[in-house]
Amino acid sequence: MHTLNKPASGPFSTVERIIITVPVLMGSLLHAINMSTAYVALPNIQGNLSARPDQIGWVITAFVVATAVGTVLTGWLSGRFGRRRVFLGSIAGFTVTSALCGIADSFETLVFYRILQGFVSAPLLPISQAIMLDTYPRRLHGFAMSIWSLGMIMGPILGPTIGALLTEYYGWRYLFSINIPVGVAAFVAIMFTLPEAETRKQALDWIGVTSLIVGVSCLQLMLDRGERLDWFDSPEIVVEAALAVLAIYIFIVHSLTHPRPYINLVIFRDRNFVVGLSLIFMFGIAVFSSLFVLPLFLQNVQEYPVLSAGWIVSVRGIGTMFAMLMGGTLADRFPAKYLILLGLICVGASNFVMTQWTSEVQFEAIVWVTIVNGFGMGLMWVTLTTVTFATLAPSFRVEGASLFALIRSIGASMGTSVIVAVLVRSSQVNYIEMRNHINTFAEIFSVMGTPSNWNLNTVAGVAALQNLVLAQAEMVAYLNAFVFLVGVALVAMPLVFLFKSPSKAKIE
């Protein structure tokens, strides 16, 4: 039973919009916060569950990949069972799997539960976005996406701080247990407020869905395991790469030839939507990879405690909030593509500054760069979510929102995998390179003022030098990761000029 006996598309009064908006944002906020709380706790989880450095990224990527797979089915599930039921079921599943993650007794078990959690919670973001677009008239879509984005952005803002506080004082398991009461509250609120959308009996395109899931999963496995298995020298990586290429090929050919493919290709006639998908892929790589690598840098290189690292990562929220407050005013004065470009410039410039860091970089320098990064993230996200759907027909909103979330998740998972590979490979290669330059004839040992404990003739001296080389090799690896993020921002910038203004774009 629910209180609003109206069609999902309204029209709604202002009070009714508020009644719908608040619980919907609660549901989407669950997913957003849960993704970001785990970032600052990764070193603690790694030590507690005895995970290797190349494995710990799976706590994030398993959730993101499973979210991508679950997103594939969101459109069909919403049409078949009604998006209200799917939304409620997703919140219930997320709450249960959060409890399971909190009691995981091994790294493998935790990853398995994270996979379940990502899969069942996948509909939260696309359905909440579609609900907001339906609840508000088209003239208020910019306002609606700003509110919805606020829920999304609060995850990266609050997540690291909440994660740091819980990890520091209670342990990393409470990162997941805290979701239980919030999930119950969101479930009850939505049950009594959200109107039901129309359902339609639509046969699921099993070939399209299966090939897409296999393609995405195999590609992610290849990226995650490639570094540890020496890439294409491993039969497993060759098989995963071949399956990924074959599955994606089958999906494309099937979609072009099937009369009713899983993804209606008419949706790709909307140029703004296609450009928006390309940019949200880049956004997923740049933003979520940054969220992954910065806490590791702060704790592993700077040796910040988890609480301090969480506070520093959260200050990007200052920039994000400032961008959201300015977003409406700027949107009235400048075309959307220039705001997105400004966001990309801020993200790219902040990452470029990070490439100049050393292991002694000061606290103040980290803070202001993080704020600029957050400003770019917020400006790009709010504007992109509005302009991508500005010319899309209402009948494609759930499907479009699902694709939007899917591509963002794929970008986030691939970006995290690449960052892990860069960190592992760069640290190993640079350690070997620097180690080879250390010998008794090296000039550094004949320079006045060389530390007395740098002595190759003693065990303590060799250990001190080894620790120094390891630390510097790790520092170079992080700098290479930041260079990669700069490259992503630069590649994305030309795409913004392909957007059409809503007044000139044709609405299908």
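The following dialogue asks how several descriptions of this predicted model are reached.

Student: Why is Leu256 called exposed, and what makes His254 buried?

Tutor: Both residues are found in helix α12, Leu256 as well as His254. Leu256 has a relative accessible area of 62%, and because exposed means over 50%, that value places Leu256 in the exposed class. His254 has a relative accessibility of 12%, and because buried means under 20%, His254 counts as buried. Leaving aside residues up to four places away in sequence, His254 touches Asp205, Ile207 and Gly208.

Student: Which residues make the nonpolar surface patch, and which helix supplies the largest share of it?

Tutor: Ile248, Ile252, Leu256, Leu265, Phe268 and Val274 make the patch, which covers about 480 Å². Helix α12, residues 235-257, supplies the largest share, three residues.

Student: How many aromatic pairs does a search of the whole structure find, and why is the pair of Phe112 and Tyr113 called tilted?

Tutor: The search finds twelve aromatic pairs. The ring centres of Phe112 and Tyr113 are 5.9 Å apart, within the 6.5 Å required of a pair, and their planes are at 50°, which is neither under 30 degrees (stacked) nor over 60 (edge-to-face), so the pair is tilted. Phe112, at 46% relative accessibility, falls between the 20% and 50% limits and therefore counts as partly exposed, whereas Tyr113, with a relative accessible area of 19%, is under 20% and is therefore buried.

Student: What makes the pair of Phe297 and Tyr478 edge-to-face, and why is it said to tie together parts apart in sequence?

Tutor: The ring centres of Phe297 and Tyr478 are 5.6 Å apart and the planes are at 70°, and because that angle is over 60 degrees, the pair is edge-to-face. Phe297 lies in helix α13 (residues 271-301) and Tyr478 in helix α19 (residues 459-492), so the pair ties together parts that are 181 residues apart in sequence. Phe297, at 0% relative accessibility, counts as buried, and Tyr478, with a relative accessible area of 3%, is buried as well. Elsewhere, ring pairs link Phe268, Phe273, Phe389 and Phe404 into a cluster.

Student: Which residues of the largest nonpolar core touch the most other members, and where does the largest share of this core come from?

Tutor: Of its 114 residues, Leu110, Leu279, Phe297, Leu298, Ile340, Trp357 and Leu384 touch the most other members. The largest share of this core, 19 residues, comes from α13. Ile340, not counting residues up to four places away in sequence, touches Leu279, Met380, Thr383, Leu384, Val387, Val496 and Phe499. A second, separate core of 15 residues has Leu124, Ile131, Ala186 and Leu194 among its members.

Terms used:
Residues numbered from 1 in each chain as written. Predicted model: local features only at pLDDT ≥ 70, side-chain atom pairs only at ≥ 80, totals over all residues. Heavy atoms only, no water. Patch = residues over 30% accessible without salt bridge, like charges linked within 9 Å, V, L, I, M, F, W, Y side chains within 5 Å. Areas by Shrake-Rupley, 256 points an atom, 1.4 Å probe, with all protein chains shown as cover. Salt bridge = Lys/Arg side-chain N within 4 Å of Asp/Glu carboxyl O. Helix = DSSP H or I, 4+ residues; strand = E, 2+ residues; numbered from the N terminus. Buried < 20%, exposed > 50% of the residue type's maximum accessible area, 1.4 Å probe, protein only. Phe/Tyr/Trp six-rings, centres within 6.5 Å; stacked < 30°, edge-to-face > 60°. Core = buried A, V, L, I, M, F, W, Y, C linked by side-chain atoms within 4.5 Å. Contact = heavy atoms within 4.5 Å.
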